[in-house]
Amino acid sequence: MVWLWNNLGLVLGLAAEHARLSAIPILVGFAASIPLGWVASRFAWLRGLLLTVFGIVFTIPSLALFVVMPLLLGTRILDDLNVIVALSLYAIAMMLRGAIDGFGSVSPDVLQSATAVGFAAASRFWTVQLPLAGPVLLANLRVVSVSTVSLLSVAALIGKGGLGYLFTNGYQRAFPEEIVIGIVFTLLIAAVFDIVLVLLGRLLLPWSRRAGRAA
Amino acid sequence: MNFFADAFAYILDPAHWAGDTGIAQRIADHLLYTGLSVGIALLIAVPLGLLIGHTGRGRSFVIGLTSAARALPTFGFLLFIVLLAGLGLAPLIAVLVVLAVPPLLAGVYAGIEAVDRQPVDAARALGMSEWQILGRVEIPLGLPLMLGGLRSATLQVIATATVAGYVAQGGLGRYLIEGLARRDYTLAVVGAVLVAALALAIDGLLAVAQKLVQPRGVSRGRARPASTRERRSSRVPAIIRTPTTEGNL
């Protein structure tokens, strides 16, 4: 505890970096999974292709992906972009199946009714299909959020792990308390992100409080 | 400048395969860590998951455990335990077991839970005992999802065993860690390529197994009407599903 007070600036700085480096991939993963999930739910051959490609990405251990990112992107080793792109790929891989499920969960009857009462394809998607898929998307996004926050700490091994720095530093100095503080702050960030997502869900999907939890 | 080419040249050189720190030994280490910890985790998770899945009691326990396990930064947990318990095979395996149990448990539970209630009720009406229902109806129908849990757990363990190269002396993670520490980027890429190949190979084998255990006459998803699909997938909460638990190849 004394250590925490004396190093509060360091810990909060790392926490801020951690929040930033994990928030971006979560948002990218969500944004990308909507068009990808939509095309995948429309075209069966694309669904197989996308699920296979992202299934392979998901299989690669995170440290390996972090390390080869500079080769694939042409970035330098300490570039934020390495971690952000790698975690975004994982986020899409995790989110894609949920997006396909979400769009598939909207009853075809509802969609046909929407067309029958005069919705154009685009507005039918934005105002009917997307909101109705919302609870399933939210449930999956919460999983992506928690996983991304916890996964980022591995990137401490390439010097970009946010609070993961406390793990390697605490280990090198044989100081378990520092590691525990790193774990606790990581869990706090995951909890805050989760609360934000739940509140956003309440705000944007007020009709689905129960469904959101069940999905 | 071409690190991939250099890394492949390194891997293809037979001299790098021999010896205590050679590629063959490190693959063997990695497989030992993975096999041992997933094996022990199976002994814990399968009976418990079958019990929870069949009785339906303890559902929230599985969901809570899975969420907590996802939130826990595995790297910090590993370093913490190694710092307290010392650097040996036992603490490392213990950590990996702890990480493997939640996805396995979730997979077994989800496998049973996702089985349609109609065949289960029909089996009960035909006079099958609860053990028969479990062994002849629920397990065969739920096996693909259960193997999905095994795939997630195995991937998690392979990835964490890689990071364990930071503290352990064996496993493919050593190439990554040594490469990063010595600024020998080629060596780090060697580790990345080998560990990715190992993960893909093992996951591929498990995926094939998952296809093979699919009972004849049961095809998942595709041709099913939307309403049925919705019911099936919503019964298994998103928190315990991963890109591999759904068993899509």
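Residues are numbered from 1 along each chain as its sequence is written, and chains are lettered from A and ligands numbered from 1 in the order in which they are written. Because this is a prediction, local features need pLDDT of at least 70 and side-chain atom pairs count only at pLDDT 80 or more, while totals for chains, interfaces and linings use all residues.

**View 1. Chain A has ten helices and zero strands.** Helices here are DSSP runs of H or I with at least four residues, strands are runs of E with at least two, and both are numbered from the N terminus. Follow the chain A sequence and you get α-α-α-α-α-α-α-α-α-α. Along its principal axes, the C-alpha trace of chain A spans about 65 × 40 × 20 Å. Of its 215 residues, 49% are buried (20 or more other C-beta atoms within 10 Å of a residue's own, with C-beta atoms placed from the backbone). Take the chain A contacts with a separation of 6 or more: 70% of them join residues 24 or more positions apart. Two residues are in contact if their C-beta atoms, placed from the backbone, lie within 7 Å.

**View 2. Chain B also shows ten helices and zero strands.** From its N terminus, chain B reads α-α-α-α-α-α-α-α-α-α. Chain B has 249 residues, and 47% of them are buried. For contacts in chain B with a separation of 6 or more, 76% come from residues 24 or more positions apart.

**View 3. Here chain B meets chain A, with 44 residues from chain B and 48 from chain A.** Elements giving two or more residues to chain B's side include helix H1 (3–12), helix H3 (59–71) and helix H7 (130–163) of chain B. The largest share of that side, eight residues, belongs to H9(B). Sort chain B's side by class and you find 29 nonpolar, ten polar and five charged residues. Ala, Val, Leu, Ile, Met, Phe, Trp, Tyr, Cys and Pro count as nonpolar, Asp, Glu, Lys and Arg as charged, and the others, Gly among them, as polar.

**View 4. Zoom in on helix H7 (residues 121–151) of chain A and H3(B), whose axes come within 7 Å and cross at roughly 40°.** Axes are lines fitted to C-alpha atoms, for helices over the stretch in contact, and angles run from 0 to 180 degrees between N-to-C directions. On H7(A), look for A:Val143, A:Val146, A:Ser147 and A:Ser150, which meet B:Ser67, B:Arg70 and B:Ala71 of H3(B). This contact of H7(A) with H3(B) has three nonpolar, three polar and one charged residues.

Notes
Buried ≥ 20, exposed ≤ 12 C-beta atoms within 10 Å, placed from the backbone.
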